[in-house]
Amino acid sequence: MLMKEADLKKNYFELFELPLQFEVEERELADRYKNLQRRLHPDTVATADDRQKRFAVQTAAYVNEAYRILSNPVDRAGYLLQQAGYKPDAADRQLTPEFLMRQIQLREELEAIPGTENPRECLLELRERIDREIDALYGSFPERMRRGDYTAAGDIVRKLQFFQRLQDEMDELQFELEEELD
């Protein structure tokens, strides 16, 4: 069963028949995604006319993008702000000097890890501290949204984006450290 063009106007939560909220059951999301993929895959209209084939490809891309956004907590938080109509101005995009200094400190700490006596242990300890900070941000985001404090929620998303990039860099360093040991 293919979607209708009107379905492409649904927000991603509606598409997956989920409540418009930050908390998402990952298993349920994955199951709904697989179900939509099965039903809407372009191969299901292989004998259709060109218009139907194009729409099937467009629909599959829409479902894939929706899943990508909803399965990533940082992207999901940003999408929720967008759905709430929040459009930050330049002043809203500024993080505090304290947070910016903290970013610099964490990056310097990460850069110093390869030169330590036990880099794997240092990396693990840094990862645990950052995970705690991320968990605290995730914990405060839904409340900011419920209160309609979109500026504070936007700050949380920008902080999470920083931490997400830092986690990616930590993953790269971990890979490099493991390669050195092999």
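Modeller: Helices (H or I, at least four residues) and strands (E, at least two) are runs assigned by DSSP and numbered from the N terminus. Glu-17, for instance, sits in the loop between H1 and H2. This is a predicted model, in which local features need pLDDT of at least 70 and side-chain atom pairs count only at pLDDT 80 or more, while totals for chains, interfaces and linings use all residues. Residues are numbered from 1 along each chain as its sequence is written, and side-chain values use heavy atoms, with hydrogens and water left out.

Colleague: How many helices and strands does the chain have?

Modeller: There are 7 helices and 0 strands. Read from the N terminus, the elements run α-α-α-α-α-α-α.

Colleague: Back to Glu-17: is this residue buried or exposed?

Modeller: The scale is relative accessible area: buried is under 20%, exposed is over 50%, and partly exposed is in between (1.4 Å probe, protein chains only). With a value of 65%, Glu-17 is exposed. Glu-17 also has a positive phi of about 55°, although it is not a glycine.

Colleague: What percentage of the 182 residues count as buried?

Modeller: Of the 182 residues, 36% do.

Colleague: Which residues have the most contacts inside the largest nonpolar core?

Modeller: In soluble globular proteins, nonpolar side chains tend to be buried together. A nonpolar core here is a set of buried Ala, Val, Leu, Ile, Met, Phe, Trp, Tyr and Cys residues joined through side-chain atoms within 4.5 Å. The largest such core has 46 residues, and those with the most contacts inside it are Phe-16, Leu-110, Ile-130, Phe-141 and Phe-163. Helices H1 (12-15), H2 (26-40), H3 (50-71), H4 (73-83), H5 (97-112), H6 (119-147) and H7 (150-181) each supply at least two residues of this core. The largest share, 10 residues, comes from H7.

Colleague: What is Leu-110 in contact with, leaving aside neighbours within four places in sequence?

Modeller: Contact means heavy atoms within 4.5 Å. With those neighbours set aside, the partners of Leu-110 are Leu-123, Leu-126, Leu-166, Glu-169, Met-170 and Leu-173. For the whole chain, residues 24 or more positions apart account for 70% of the contacts with a separation of 6 or more.

Colleague: At what angle do the axes of H3 and H4 cross?

Modeller: Axes are lines fitted to C-alpha atoms, for helices over the stretch in contact, and angles run from 0 to 180 degrees between N-to-C directions. Angles under 35 degrees count as roughly parallel, over 145 as roughly antiparallel, 65 to 115 as roughly perpendicular, and the rest as oblique. The axes of H3 and H4 cross at roughly 105° and come within 5 Å, so the two helices are roughly perpendicular to each other.

Colleague: Which residues meet there?

Modeller: Residue classes first: Ala, Val, Leu, Ile, Met, Phe, Trp, Tyr, Cys and Pro count as nonpolar, Asp, Glu, Lys and Arg as charged, and the others, Gly among them, as polar. Arg-68, Ile-69, Leu-70 and Ser-71 in H3 meet Pro-73, Asp-75, Arg-76 and Tyr-79 in H4. By class, this contact has 4 nonpolar, 1 polar and 3 charged residues.

Colleague: Where is Leu-95 found?

Modeller: Leu-95 is in the loop between H4 and H5, and counts as buried at 15% relative accessibility. The C-alpha atoms of Leu-95 and Asp-155 are separated by 6.8 Å, with the residues 60 apart along the chain. Beyond neighbours within four places in sequence, Leu-95 is in contact with Leu-100, Gln-103, Asp-155, Arg-158 and Lys-159.

Colleague: How many aromatic pairs does a search of the whole structure find?

Modeller: A pair of aromatic rings is described by the distance of the centres and the angle of the planes. Rings of Phe, Tyr and Trp (its six-membered ring) pair if their centres lie within 6.5 Å; planes under 30 degrees apart count as stacked, over 60 as edge-to-face and the rest as tilted. The search finds 11. One of them, Phe-16 with Tyr-67, is tilted, at 6.5 Å centre to centre and 45° between the planes. Phe-16 is in the loop between H1 and H2 and Tyr-67 in helix H3, 51 residues apart. Phe-16 is buried at 1% relative accessibility, whereas Tyr-67 is partly exposed at 23%. Phe-99 and Phe-163 form an edge-to-face pair, with 5.9 Å between centres and 80° between planes. Phe-99 lies in H5 and Phe-163 in H7, so this pair ties together parts 64 residues apart in sequence. Phe-99 is buried at 8% relative accessibility, and Phe-163 is buried at 1%.

Colleague: Which residues do ring pairs link into a cluster?

Modeller: The cluster consists of Tyr-12, Phe-13, Tyr-62 and Tyr-79.
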